[in-house]
Amino acid sequence: MADGCGIRMERVCYSVGGRSILRDFDLSLDPGVNRTILGVSGVGKTTILKLLLGLLKPDSGRIIIEEEDIATLSEGGLALARKHISIVFQGGALFDSMTVGENVGYRMLEEGHLAEQEIDAIVREKLGFVGLEKAINLYPAELSGGMKKRVAIARALAADPEYIFFDEPTTGLDPIGVYNIQQLMLRLQGEGKTTLMVTHDMHTAFAVSDRFSFIHEAQLVFEGTKSELKESSIPAIREFFAPGKESLFRYVESEESA
Amino acid sequence: MPVRFIENRILLFLAELQKFAALAVKALRRIFSPPFYGREFFRQLDKIGVGSLFIVCLTGLFTGMVMALQALIQLRPFGATSYVGGMVAVTMIKELGPVLSSLMVAGRVGSAITAELGTMVVTEQIDAMRVEGTDVVKRLVASRLKAMLVAMPLLAIVTDTVAISGGYIIASGYHISPLMYWKSLPQFMRFQDLIEAVAKPTFFGFLIAMIACHVGLGVSGGSEGVGTAVKRTVVLASVFILISDFFITKIFIVFR
Ligand SMILES: Nc1ncnc2c1ncn2[C@@H]1O[C@H](COP(=O)(O)OP(=O)(O)O)[C@@H](O)[C@H]1O
Ligand SMILES: [Mg+2]
């Protein structure tokens, strides 16, 4: 593998209110290998990303970033591990009391190492990358959903991370918005960033990823390449690709019996 | 079954109290260490202090007037109407000024803080801030707490002043001269009362800010969760203002 830090989840368990979201979950990310985690809504995809960033603490298991178990770190210690990773949250999670420019420059403004003109130049460059230089003085409320996500990508880039996580980047976007995001992700990969996406949008997944994981009922049921995924005989995956009559209302029933 | 239920409720309450205390300690410690987020502090001070000025003046004016009316009715048979200024002042400064202005601020500012922080939680802005390396307690909680600790006593003093003036408007209708009114003010008071007049709203301000932030940061369950949280903040802050008012008064009486 190329040099850079690896990220691993080892036998991670996580539950909310007695309900198991992840059970003995393993995952490994390597620089240059762009991965997508697929799974139905509510299965725990966002939870995985938040665990990897130390925003949530696992009940048990290890989460290793650069040879260090971040599950045991305090908020201060996490800052170092997070230097390698940025995330684009599902709705963008832009700070709505700040302009687009302040959002993108947030970390640099907080750290205060750079002069204002330098920050401004970087902010404009990152916004240029996502094609939104003109929006620099707008507030998030004035942007469309797709634009918000692009600003969020620019903000994630400002930290110059090795990894960029994407939480359902194409959900809720029109076809043009989806295409824009896909192209941006490919360009990021071309510039040496490694992407990890969680989504249920398999078209985008196939367009931008090298390897795939499939999560079903709190467990990793598949790990492999695109063709392996397409030929998989695992029922949950078959159903995911071609939902049939038997999938109708299954969710409701399993909720009721739970 | 009911015993078990009550036991669970008590445990839940204690767990929440523990979290609340931890947040309060963290926030208090962060008030005194840099970075101070000056811009955020002044923005909050403007929102909390200047923004509440009108409602607090209105509260003070009408409370002062009604107090004077009631006092005059009681004092008239004894020919003691000249004491009305002192009676209005002492009740306002020690009790009604701090309590009423704090209740107003709890409704107006406490709810806004919870709604703002709760929305930030629900839209993952808090998570985003943490990822960007920001100390959320320092940036969001400490700045609001500091602004509240400065603004609340000032607001209470404004309330007292307006109330005493309002009292005079009524008293003047009963042939009481400004000088008579003014001279009666110190007759019921001692210096310790002035300390009480500042200590109470400062503590209430602490309660409002910390309850609002604690409840706001604990929001879960989307926009409905934000609504529930706002309601909780207003109820909890109001109730704890009234309860703690009793105990603070007790303490001041002990040291009298
Ligand atoms: N704060 C919470 N309280 C209760 N349940 C939660 C909370 N956060 C997440 N969950 C539950 O965890 C499960 C996984 O959530 P999430 O990771 O957001 O799913 P996904 O991103 O795959 O749609 C969901 O079914 C949700 O009900
Ligand atoms: Mg999700």
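Helices (H or I, at least four residues) and strands (E, at least two) are DSSP runs, numbered from the N terminus. The structure is a predicted model, in which local features need pLDDT of at least 70 and side-chain atom pairs count only at pLDDT 80 or more, whereas totals for chains, interfaces and linings use all residues. Residues are numbered from 1 along each chain as its sequence is written, chains are lettered from A and ligands numbered from 1 in the order in which they are written, and side-chain values use heavy atoms, with hydrogens and water left out.

The shell around ligand 1, where a residue is near if one of its heavy atoms lies within 4 Å, includes A:Val16, A:Arg19, A:Ile21, A:Lys45, A:Thr46 and A:Thr47. In chain A, β2 (19-29) and α1 (45-52) each supply at least two residues of this shell, and α1(A) gives the most, with 3 residues. Polar contacts are pairs of N or O atoms within 3.5 Å; within protein, one must be able to donate a hydrogen and the other to accept it, and residues adjacent in sequence count only if both atoms are side-chain atoms. An oxygen atom of ligand 1 lies 2.9 Å from an N or O atom in the side chain of A:Arg19, and an oxygen atom of the ligand is 2.5 Å from an N or O atom in the side chain of A:Thr47. Of the 560 Å² of accessible area that ligand 1 has on its own, the protein covers 59% (Shrake-Rupley method with a 1.4 Å probe; for residues, only the protein chains shown count as cover).

Rings of Phe, Tyr and Trp (its six-membered ring) pair if their centres lie within 6.5 Å, with planes under 30 degrees apart counted as stacked, over 60 as edge-to-face and the rest as tilted; by this rule there are 10 aromatic pairs over all chains. The ring centres of A:Phe206 and A:Phe212 are 5.4 Å apart and their planes stand at 70 degrees, so this pair is edge-to-face. Both A:Phe206 and A:Phe212 are buried, where buried means under 20% relative accessible area, exposed over 50% and partly exposed in between (1.4 Å probe, protein chains only).

A:Thr195, in strand β8 (residues 194-199) of chain A, is buried, with a relative accessible area of 3%. The side chains of A:Thr195 and A:Gln189 are joined by a polar contact of 2.9 Å.
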